[in-house]
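Keep the viewer open and try each task before reading on.

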Amino acid sequence: MTVHPSLQTYADAWTHSIESIAELVKPLAEGDWNRRTPCPAWSVRDIVSHIIGMECEQLGDPRPIHSLPRDLYHVQNDFARYMEMQVDVRRHHTALEMTSELEYTIIRRARQLRNESRDPETMVRAPLGAEQTLELALRMRVFDVWVHEQDLRMTLGRPGNLDSPGATIVRDTLLHGLPKVVAKDAGAPPNSAIVIDVHGELEFLRTVRVDAEGRGSVDGSPSLGPAVTLAMDWETYYRLACGRVRAGAVADRIKAEGDQELAEAILRNFAVTP
């Protein structure tokens, strides 16, 4: 059996990113595992622990029985608490324990994907006891793994893969959240258009159109009279949209034309990940 055709793109992108992570962390010295990353409150070890834990959940492994410390200031809600469990349980693991478990988890997951025969619409386990389709689950694993690969690359000074298969999936996932950012969160006026022009490793131009009822939609056609045009490079776009940086810290990499107040509101609300 092989992966369903509609899942193959995700399986390939996941493989590319997670193997890149394994390659990045294998040679690290013990102290490097404690280095802080752009992912708020997480170290290199924490990110790898999170990836291992999430992949193990997709394999159907039971979640660890573990009590979280009370002083984790970044754990503010049930979702964060759920995610932190797989991280905290590995906080004292050695470099060898981390790389060994990561490699073993990749082998198991690769075998699972290679033998996957379920329909993409099959409902599978999701965080907090919820369910999601198999296709969405795999797409979100690609998203998560690619973004964390970039967190690690930035921390370790090893840039790369900004145009990899996973990057395209991350771009499309982030763009899906853009209408809400513009129309609801930033309050763009009805019958307005906002253009996002991105250059660099991934180049794309998208227009968010807000209709008369204030609902937003996104398409690839240009607008003749946009209320705002935001231009930036792809690395800046994904870092803003994933909450890795605030607009003020990368202002020199963003060009905003048109209504400056609206542009600032959009940039203030740009993050679409929890």
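**Exercise 1: A tyrosine and its core**

Leaving out residues up to four places away in sequence, Y237 touches L174, L175, L178, I196, V198, F204, M232 and F270, where contact means heavy atoms within 4.5 Å. Before going further, note that this is a predicted model, in which local features need pLDDT of at least 70 and side-chain atom pairs count only at pLDDT 80 or more, while totals for chains, interfaces and linings use all residues. Residues are numbered from 1 along each chain as its sequence is written, and side-chain values use heavy atoms, with hydrogens and water left out.

Task: find which residues of the largest nonpolar core touch the most other members.

Step 1. A nonpolar core is a set of buried Ala, Val, Leu, Ile, Met, Phe, Trp, Tyr and Cys residues joined through side-chain atoms within 4.5 Å. Buried means under 20% relative accessible area, exposed over 50%, and partly exposed in between, with a 1.4 Å probe and protein chains only.

Step 2. The largest core has 40 residues, and W234 and Y237 touch the most other members.

Step 3. Ask which elements contribute. At least two residues each come from α5 (134-156), α6, α7, β3, β4, β6 (228-233), α8 and α9. These labels are DSSP runs numbered from the N terminus: helices are H or I with at least four residues, strands are E with at least two.

Step 4. Look beyond this core. Another core lies apart from it, with 36 residues, among them L24, I47, V124 and L156. As background, nonpolar side chains in soluble globular proteins tend to be buried together.

**Exercise 2: The face of a helix**

Task: work out which residues of α7 are buried, and what they pack against.

Step 1. List them. In α7, residues 178-185, the buried ones are L178, P179, V181, V182 and A183.

Step 2. View the helix down its axis. The buried residues of α7 fall within an arc of 165°, so they line one face of the helix; the arc is taken from the directions from the helix axis to the C-beta atoms.

Step 3. Name the partners. The buried residues of α7 pack against α6 (165-176), β3 (192-199), β4 (204-210), β5 (216-219), α8 (234-241) and α9 (260-268).

Step 4. Follow the chain onward. After α7 comes G187, with a positive phi near 70°. N191 sits in the loop between α7 and β3; its phi is near 60°, positive in a residue other than glycine. N191 counts as exposed, at 63% relative accessibility.

**Exercise 3: Reading the sheet**

Task: in what order do the five strands of the open sheet lie?

Step 1. Trace the order. The strands run β5-β4-β3-β6-β7, with mixed pairing. Two strands pair if DSSP finds at least two bridges between them.

Step 2. Find the edges. β5 and β7 (254-258) are the edge strands, each pairing on one side only.

Step 3. Neighbouring strands are turned by 15° against each other on average, direction ignored.

Step 4. Place the helix. α7 packs on the sheet, touching β3, β4 and β5, and its direction makes about 40° with that of β4. For such angles, axes are lines fitted to C-alpha atoms, for helices over the stretch in contact, and angles run from 0 to 180 degrees between N-to-C directions.

Step 5. Inspect the hairpins. β3 and β4 pair in the antiparallel sense over seven bridges, and I194 has V208 in β4 as its bridge partner. Their hairpin has four residues between the strands, and G200 in the turn has a positive phi of about 110°. β4 and β5 are also antiparallel, over four bridges, and R209 has S217 in β5 as its bridge partner. Here five residues lie between the strands, with G214 in the turn at a positive phi of about 85°.

**Exercise 4: A histidine in a helix**

Task: is H50 buried or exposed, and which residues does H50 contact?

Step 1. Locate H50 in helix α2.

Step 2. Check accessibility. With a relative accessible area of 4%, H50 is buried.

Step 3. List the contacts. Leaving aside neighbours within four places in sequence, H50 is in contact with W42, M83, V87, D144 and H148.

Step 4. Compare chain and space. H50 and V87 are 37 residues apart along the chain, while their C-alpha atoms are separated by 5.3 Å.
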